[in-house]
Amino acid sequence: MSFKSKLSSLFVMVFAFAAFSVAVSAQDATKTGDKSQKMEHRGGGRHGGFGKGMRGGHGGMMGELRGITLTDAQKEQLRTIHEANKPDQATMEEMKSFKEARRAGTLTDAQKDRMKTVREQMGAKHEQVKAQVLAILTPEQRAQVETNREQMKQRRQERRNQRREGKTDADKPTVN
């Protein structure tokens with residue numbers, strides 16, 4: 001084997017080793033990054049761990065508080081309200097079992113009734129939380145919440161209209 005072929009083989013091996021090392025370290029960094037992002041979102045994110053609402057979305061009352069500057073006392077009151085009104089683990093497990101049963105197609109009428117009752121209870125609790133949160137806001141902050149609520153409603157309607165238009169455009173035959 002000539003010196004030139006040995007040298008090129010060495011370069012290929014070094015390059016392959018470097019590429020493999022970068023790929024492995026990138027995977028490790030991605031796994032670590034995902035964990036830290038989840039923890040930050042849960043515990044100390046932009047809204048102090050809030051923002052998921054009762055249904056797991058990013059809207060609800062916490063979406064309406066975006067852009068509002070809260071005092072430290074108000075932030076602490078929000079944390080207290082949030083902690084006091086967290087759904088208990090048993091209820092969350094029960095709802096998870098209902099979801100799994102529905103996906104499997106084995107949801108019974110009794111489970112449907114219980115799920116409806118639990119959802120109604122959660123909805124009532126959500127309304128209580130909204131009232132508590134609004135009670136700690138100043139009149140100016142409440143006005144901003146109302147403005148945010150209207151803007152969210154408008155954006156939601158625009159998205160619905162866009163989806164409807166997209167479906168109707170897709171249903172139309174194309175003319176060539």
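Reply: Leave aside the neighbours within four places in sequence, and Asn85 is in contact with Lys125, Val129 and Gln132. Contact here means heavy atoms within 4.5 Å. The model is predicted: local features need pLDDT of at least 70, side-chain atom pairs count only at pLDDT 80 or more, and totals for chains, interfaces and linings use all residues. Residues are numbered from 1 along each chain as its sequence is written, and side-chain values use heavy atoms, with hydrogens and water left out.

Asn85 lies in the loop between α3 (72-84) and α4 (89-104). Helices are DSSP runs of H or I with at least four residues, strands are runs of E with at least two, and both are numbered from the N terminus. Asn85 has a relative accessible area of 13%, so this residue is buried. Buried means under 20% relative accessible area, exposed over 50%, and partly exposed in between, with a 1.4 Å probe and protein chains only. Of the 176 residues of the protein chain, 18% count as buried.

Now take α5. This helix covers residues 109-136, which is 28 residues. At 1.5 Å a residue, α5 should span 40 Å, and its end C-alpha atoms are 41 Å apart, which agrees. The expected span is 1.5 Å times one less than the number of residues. The buried residues of α5 are Met115, Val118, Met122, Val129, Lys130, Val133 and Ile136. An α-helix has 3.6 residues a turn, so residues three or four places apart point the same way.

Gln74, Gln77, Leu78 and Ile81 in α3 meet Val129, Gln132, Val133 and Ile136 in α5. By class, this contact has 5 nonpolar, 3 polar and no charged residues. Ala, Val, Leu, Ile, Met, Phe, Trp, Tyr, Cys and Pro count as nonpolar, Asp, Glu, Lys and Arg as charged, and the others, Gly among them, as polar. The axes of α3 and α5 come within 10 Å and cross at roughly 165 degrees. That makes α3 roughly antiparallel to α5. Axes are lines fitted to C-alpha atoms, for helices over the stretch in contact, and angles run from 0 to 180 degrees between N-to-C directions. Under 35 degrees counts as roughly parallel, over 145 as roughly antiparallel, 65 to 115 as roughly perpendicular, and the rest as oblique.

With a relative accessible area of 37%, Met92 is partly exposed. Its C-alpha atom is 9.9 Å from that of Val118, 26 residues apart along the chain.
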